[in-house]
Every structure is written in C-alpha cells, then in structure tokens.
Amino acid sequence: MGSYVYPRYAYVPPPELTVGACVASTYPVVIVGAGLVGLTLALDLALKGVPVTVLDEDDTVSIGSRSICQAQRTLEIWHRLGVADRMVAKGITWDTGEVYVGDRQVYRFNMQPDPGQRFPAFINLQQYYCEQFLVERCGEVAGVDLRFRNKVIDVRPGNDHVAVDVDTPDGRYTLRAAWLVACDGVRSAVRTLLKLPYEGEVFDDQFLIADIRMRADLPNIRKYWFYPPFHPQNSVLLHRQADDVLRVDFQLGRDADAEAERRIEAIDRRLRIMFGPAARWDHEWSSVYKFTCRTLPRFVHGRVIFAGDAAHVVSPFGARGGNSGVQDADNLGWKLALVIQGIAPASLLESYSHERVQAARENIRQSTRSTDFITPKFPASRVFRDAVLDLARDFPFARAMVNSGRLSRPTCCSDSPLHASEAAADWGPAPPPGDVLPDAPLADDDDIWATEAVAGRFAVVTFADTPDGLPSDAALRLAAPFPVACIAVMRDAGARPAGWDALHDTKGMLAHRCDARPGTTYLVRPDQVIAGRWRALDLAALAAGLRRAAGLAEE
C-alpha cells in the first residue's frame, strides 16, 4: 500500500563507540529528531558555521503524508536554506479555498490576493517528501552530522553542558552537548525524561484521514463541506497532494469506533459514497485522530531547548503545526548561533521562548476556535453554528463567522524584548515590529526579492529617492559586533549610493507594502522579522536598536 518508496538511511557507528574515541569532547549543538523542525534548524546552524549533530531513532522519514500544507513563510525560510524550489516543483500550488453547506458553495476565499510574491500562499506536499529533501540538502552542507538509529534514552542537564545517553545497534554511548535542542515530536522523549508539564487539552471528536491515490480532474483548491450529501451528519475536507494523492478528512464524531473506522473496507465505503461507483483509487495512508492542543509554558530550560511539536501541538485544521515548528527553528537558529559564537549572551535565548510561546498560544487560540466551530460541544453551540451556516448562504456578514480552519500566518510578537520602542508616527498599513518584512520583487525581471535580500543577517533597509544624504560610512558608524547589511531601496534602477547595497523597487511594491516615503527605515533581524522602524534614517537610533535586537543592551 502506498506509492512512495521510503528511503533507508545508513546507520554509521558513532565515533564515541570507536576504541580510543574521546568521549569527553563537547558538541556545540545536539538536535534530537530529524523531522521538519530538527532538519531545518540543523541546516540553518550549519550554514551559519555552527557544527550540529542530529540524533534520530529511526532510519527513514515520517511514515504517512502527515503535515501536507507548507505555507508561504515556511517556503521563504526553506529558500534561504537552499531547498524551497525543489519543494515547489514537486508540490501542488494553491491559494484558493471553497466552503460548502450541503452541496451548495457558500463562499470562496483567496489566501494571496496581492500580486508580486516570490512564493504561493501554500503548496501541498507530503511531509515525507519535505523531510527527504531536507535530509538530502543536509548531505550537501558541511557541518551536519546526521546519526540515524541513535535513540536518546536519558538526558542529564548540567551547568555548562547536557549529557545525553544514546542507544544504537552497536550499544550505548554518552555524548556531551553545549546545547541540546529537542525536536522529537509530540511524544518527545526529552520532554518526558525531564518530566516537564505539557499543558492543554484533548478534544473528544474523532476524525479519519484517508490519503488515496486517484487520478481525478480536480482543481488545486481546498474544499470544505459542512453536512455534504455524501457525509450528511458531519464535515469533510479535501486537498490535492503530489503524485495524484488526495487527502480526504472525514469528521466521525466522538462516539465513533476508531478501530472499525480505520479498516480499509469502512474507508472504501465512505469514499464510494463520496466519489461514486465508477471511481478507482489506491490507498496510501490512513489515520484516526483527535484534536489536541498543548504547549510547554516555557521553551528554554537551562541548556535544553524545545521546538516544534515537542514544545507545542495544535489541531491540524489551519495548517499551523508544521509551519509553526519551522518558524520556531527560524527564530532560534540565529540566536543560538550568536550565543555559541560568543557575540551574544545566553539570555538572548529567553527571547526565543518569549516570542515562540506567544506564537504557540496564538496558534492554539485560533485552532481551538476552529475546533469549537467544527465540533460544537453543546446543543446550543450546534444550534448557533447551524444558524450561522444557514445565514452564510445568503448574507456576507455571516460568512466571516464560518470557521473551517483559520489558515496559518506568521504570528506578530509585538511585545518582544528585542524590539525598539516607537515614537508616535503615522504608519498607516505598514508592518509593525514583530511582523515579517513583506516580500516584493526588486528588479524588472523579478529575479531579486525583498525577503531573500535581507535573509540570514541583520539589515538596515532605508527608502531613498536619491543617494543624497546616505552616509557612505553607515555600516562603520553602526558599530555592531556582527555583520550588518545596509540596504538602500530606490525607484531609479541606476542609483547606487556608495557604501550601501542598492536594491531597486522599480514597481514600487515594497514601498507600498511598507508605507514608505523617503527616509523610512526598517531594522530587520536575520529571521526577516522587523525589529524597529523609523520615519527618518537615524544611525544612532539604529545602533541602539541593533544592540537591543541582539540581546546586548537595552535601548
């Protein structure tokens, strides 16, 4: 069953088991878990010059398609790591969703109404492909030591290191990590070994995922039905994936017999009603699950750090799980690199916990709202939900109340301790500190994009009509203990101010999205998050903002 051929990665005996190996050496970073999050973080750190060791108890990628909706922000992150184009080429691109009540379409929505974007709002690509491509990219990057069939069985944190006991086919060994990052999923062994609380709730309603391979002339659209004629008591979600695979998600109800529902004959019966007697398909993967929303109260525990599902988990409607985990890695990577390189104090990592716990709680809030609408807990709640659905057929105001899963967007951490305080100014629709810098094409041939121009480094981005007034020694005067890109965004394709990287916003899209006028300046972190904004270029304010953004000093 299944068309995907799972790779088997070779087990290599670790050096700690070799006679004469120096067991006492300390690794800068050890990551537990070679999934989406662990592999993303490993690539990020290695590309920043930080060697990383990844331990995974298995020797292949995730079984089953699992997380399939990869969001635009995730693709921007993977592009910086050199793997997004391959993901997009393989995946199914979509940006439109349709919601039905019965057999009638109530409304459709567009996740990317603005033109001029480097990546689509979403692609659908099975998690096993994403992990495979990330593993292969790790093999191209120096500094990533992937250890398959290395299972963590104990963790002992110390003041200056973490001791990790590992079981392998050749026996057990211990390694020392300056920093240990747990990316080992919802059943995290590291979290369990440290006996940390995983707060939240499990919802009673049950759902069936049926991934089938079927050639069908279906558009690249997310379709969601409440009370469809082929499943009249509950709801159904339909997505296309790569390789002619369809994801069908049936709401079963809290009293369903999970064992009976996961049998192939039961799944086929539901699919036959949905697709008709002439349809033919092959089964790829199936699962019966319940909604779960949980989080650690803190993600940093001394020298042990948590990311992805090991730190937080949400229900799948809205595509917030895997995408949020990749954004955890993006947030953590540059901070951990600065700490390991001795540029920033370890206290910088507390901002990772602050920002990503806030993101996790926002994702849980949105996911819980979706869950409450999809699976009303009380009779009165169902009456209200059904009244909204009835009204939504004819009245636009009610359509905004229909919640079939608020789809993943980056969380704005407006109160981050790393961000510069703002003087009163009229910013209109401009993105505030805590948001990601908007993307836009920065050349007539669309081969340069805003997000990739600033990615992976601190950047000062200022908008100017002419080179006049842009000091050529700006980078020197910022006096930062790390590289800072000074970028001038100009409409004139021929303007190239001395001492600045010139980017040409010939279409004016970036200026529009940033509500920019001459002098408007943004300070951007290595994860493309805005750390400060000013209506005039002020090098003294920028220097203070840079130090604060790197955790070096208060403003």
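## The second largest pocket

In this predicted model, the residues that line the second largest pocket divide into 16 nonpolar, 11 polar and 12 charged. The lining comprises 39 residues, and those that lie nearest the centre of the pocket are Gln-72, Arg-409, Pro-410, Val-436 and Pro-438. The space within the second largest pocket comes to about 1,000 Å³.

Several helices take part in this lining, for helix 2, helix 8 (321-340), helix 9 (349-374) and helix 14 (509-513) each supply at least two of its residues. Helix 2 itself spans residues 72-80, and Helix 8 and helix 9 also pack against each other, as described next.

## Helix 8 against helix 9

The axes of helix 8 and helix 9 lie 9 Å apart, and the two helices pack at an angle of about 170°. Angles over 145 degrees count as roughly antiparallel, and helix 8 and helix 9 are therefore roughly antiparallel to each other.

On the side of helix 8, the residues that meet helix 9 are Ser-324, Gln-327, Asp-328, Asn-331, Leu-332, Lys-335, Leu-336 and Val-339, while helix 9 brings Leu-349, Ser-351, Tyr-352, Glu-355, Arg-356 and Asn-363 to the contact. Sorted by class, the contact of helix 8 with helix 9 holds 5 nonpolar, 5 polar and 4 charged residues.

## Helix 1 against helix 4

Helix 1 (residues 36-47) packs with helix 4 (residues 127-138) at an angle of about 25°, and their axes are 10 Å apart. Since angles under 35 degrees count as roughly parallel, helix 1 and helix 4 are described as roughly parallel to each other. Their crossing is left-handed.

From helix 1 the contact draws on Leu-36, Leu-39, Thr-40, Leu-43 and Leu-47, and from helix 4 on Gln-127, Cys-130, Glu-131, Leu-134, Val-135, Arg-137 and Cys-138. The contact of helix 1 with helix 4 has 8 nonpolar residues, together with 2 polar and 2 charged ones.

## Helix 1 against helix 2

Helix 1 also approaches helix 2, whose axis comes within 10 Å of the axis of helix 1, and the two axes cross at roughly 40°. Helix 1 and helix 2 are therefore oblique to each other, and helix 1 passes helix 2 in a left-handed crossing.

In this contact, helix 1 is represented by Leu-36, Thr-40, Asp-44 and Leu-47, and helix 2 by Ile-77, Trp-78 and Arg-80. The residues of the contact of helix 1 with helix 2 divide into 4 nonpolar, 1 polar and 2 charged.

Note on methods:
Residues are numbered from 1 along each chain as its sequence is written. This is a predicted model: local features need pLDDT of at least 70, side-chain atom pairs count only at pLDDT 80 or more; totals for chains, interfaces and linings use all residues. Side-chain values use heavy atoms; hydrogens and water are left out. Axes are lines fitted to C-alpha atoms, for helices over the stretch in contact, and angles run from 0 to 180 degrees between N-to-C directions. Helices (H or I, at least four residues) and strands (E, at least two) are DSSP runs, numbered from the N terminus. Angles under 35 degrees count as roughly parallel, over 145 as roughly antiparallel, 65 to 115 as roughly perpendicular and the rest as oblique. A crossing is left-handed if the near helix is turned anticlockwise from the far one by less than a right angle, and right-handed if clockwise. Contact means heavy atoms within 4.5 Å. Ala, Val, Leu, Ile, Met, Phe, Trp, Tyr, Cys and Pro count as nonpolar, Asp, Glu, Lys and Arg as charged, and the others, Gly among them, as polar. On a 1 Å grid over the protein atoms alone, a cavity is a set of points where a 1.4 Å probe fits but cannot get out, and a pocket is an open set with protein on both sides within 12 Å along at least five of seven lines; lining residues have an atom within 4 Å of a point. Grid points are joined across faces, edges and corners, and a volume is the space filled by probe spheres set on the points.
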